[in-house]
Amino acid sequence: MTLVVNATAAQALFSSLERQPPDALLAVIGMHRADPRADKIDVGVGVYRDELGGTPVMRAVKAAEARLLSHQTSKSYLGAEGDQQYTDLLATVALGASAGDPRITGIQTPGGTGALRLAAELISRIGGTPTVWIGAPTWPNHGPIFREAGLAVRTHDYFDARLGDIDFDAFMAALVDAQGGDVVLLHGCCHNPTGTSFDGGQWRAIADLLIRRGLVPLIDLAYQGLGSGLEQDAAGLHTILSMVPEAMVAYSCDKNFALYRERVGALWVQAQTSAAAVPVRETMLVLARSLWSMPPDHGAATVRLILEDATLAADWRHELGSMCARINALRSALGAAHPALFRISRQQGLFALLPIDRAAVIALRTEHGIYMPESGRINIAGLREATIAPFVAALTPYLPF
């Protein structure tokens, strides 16, 4: 039998697709890689780098992986929930006193991005027309994740670029327009891209507003331990969980365990009652089954082994503390190097938003081999002590004062 293919029909399936713009950050990575200059500086890629410019595997991770290699007896499927022991142990790090609360249920996800997408799909299952409110600027992938799940997204003011700080009054005023049942996305700490964080009083004011307006928070906690320490960086999240009846928490181990390529994350949902948490979990598992079936195991198993072992956990905390201290030392040095960069020393985490325009970003790339996204967002850890002076010298002509 000869199969006759209708060429016109075969082409029709994909012919309506339009060309998509290239990923801006990937383009920056490519340009940096192709630049032959020995003194080029990459402050674009959002990974932790040490003083030698490398992104090392953490000591505790190496030890846990060696143990996993020698003792793991099977690579059979775990189930849609992934490694539940990993999720439960990680909850003690992330959720504080709320860990173990029967109103909270959580499952493993492929990275923080997977957690956010699962949350988006869960929100879309609730019914009605909830809007997801996202402060601007934010991580560029936030909006697309929720829009691809069919949700309405509204951006609102968050950052005052002139002052280099949170515009808290504008942030709160914008949410007055939110309707009951809407979702508010909040960065748990170390805001990407601005490096800002809410203080304790602001977190309590946010919680009061959420309760008053009937809004549900979704806290994206992707950098715990890289701002002021594990406990301090999760303090705002703990305030929210203790005050509001319902909440969602998307978590990433990419940065604080340096497990970028292993895609290790979790999503927790706090329901009003333990009974209400049961259908929440069942729905999460059904959605996870359709999205990725089973999450990858290796990274989560590595984190579980670290958190199960007091010695490994202590070494992880110590190395994470050293990473945090290095980032904060670089921030202090930048803040002292020029008055226009002063705010950077008071911010936290990997990222900061420089007070420069697109033309300056292009000029820095062309004339000095300094690579960053056109937004002016930089990865602080991409700098080294030896590169701060030339970086600031190249930057100075484009700073506001």
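Modeller: Aspartate 254 has a relative accessible area of 8%, and because the cut-off for buried is under 20%, it counts as buried. The model is a predicted one. Aspartate 254 sits in the loop between S9 and S10. Its side chain makes a polar contact of 2.4 Å with the side chain of arginine 263. Beyond residues up to four places away in sequence, aspartate 254 touches Leu259, Tyr260, Arg263 and Val264.

The loop between S9 and S10 also holds alanine 258. The phi of alanine 258 is positive, near 55°, in a residue other than glycine. Most residues other than glycine have a negative phi, and most peptide bonds are trans. With a relative accessibility of 15%, alanine 258 counts as buried.

All seven of the seven residues of S10 (residues 264-270) are buried, so the strand is largely enclosed by the rest of the structure. The burial applies to both faces: Val264, Ala266, Trp268 and Gln270 lie on one side, and Gly265, Leu267 and Val269 on the other. Strand S9 (residues 247-252) runs antiparallel to S10 and is joined to it by six bridges. In this pairing, methionine 248 stands opposite valine 269. Strand S2 (residues 104-110) is also antiparallel to S10, with seven bridges between them. Here isoleucine 104 has glutamine 270 as its bridge partner.

Trp268 is among the residues with the most contacts inside the largest core, which has 95 residues; the others listed are Ile206, Trp316, Leu334, Met372 and Phe391. Helix H13 (residues 310-337) gives the most to this core, seven residues. A second, separate core of 28 residues includes Leu267, together with Ile107, Ile123 and Ile145. In soluble globular proteins, nonpolar side chains tend to be buried together.

A polar contact of 2.7 Å joins its side chain to that of tyrosine 251. Glutamine 224 lies in the loop between S8 and helix H9 (230-233), and its relative accessible area is 0%, so it is buried. Leaving aside neighbours within four places in sequence, the contacts of glutamine 224 are Val93, Ala94, Cys189, Leu230, Asp233, Ala234, Tyr251, Asn256 and Leu320. Between glutamine 224 and glutamate 262, 38 residues apart along the chain, the C-alpha separation is 18 Å.

Ile206, named above for its contacts in the largest core, is one of the buried residues of helix H8, along with Gln202, Trp203, Ala207, Leu209 and Leu210. An α-helix has 3.6 residues a turn, so residues three or four places apart point the same way. The elements that the buried residues of H8 pack against are strand S6 (165-166), helix H7 (168-174), strand S7 (183-187), strand S8 (216-221) and helix H10 (235-243). For isoleucine 206 itself, setting aside neighbours within four places in sequence, the contacts are Phe168, Phe171, Met172, Leu186, Phe198 and Ile240.

The geometry of H8 can be checked. At 1.5 Å a residue, its 14 residues (200-213) should span 20 Å, and the end C-alpha atoms are 20 Å apart, which agrees. Just after H8, glycine 214 has a positive phi of about 70°.

Another cis peptide bond joins alanine 136 and proline 137, with omega about 0°. Proline 137 is in the loop between strand S3 (131-136) and helix H6 (142-148).

Serine 293, which is not a glycine, has a phi of about 65°. Serine 293 is in the loop between helix H11 (274-291) and helix H12 (298-308). Its relative accessibility is 22%, so it counts as partly exposed, whereas alanine 258 counts as buried.

Terms used. Residues numbered from 1 in each chain as written. Predicted model: local features only at pLDDT ≥ 70, side-chain atom pairs only at ≥ 80, totals over all residues. Heavy atoms only, no water. Helix = DSSP H or I, 4+ residues; strand = E, 2+ residues; numbered from the N terminus. Expected span 1.5 Å × (residues − 1). Buried < 20%, exposed > 50% of the residue type's maximum accessible area, 1.4 Å probe, protein only. Contact = heavy atoms within 4.5 Å. Core = buried A, V, L, I, M, F, W, Y, C linked by side-chain atoms within 4.5 Å. Polar contact = N/O pair within 3.5 Å; in protein donor to acceptor, adjacent residues only side chain to side chain. Pairing = 2+ DSSP bridges.
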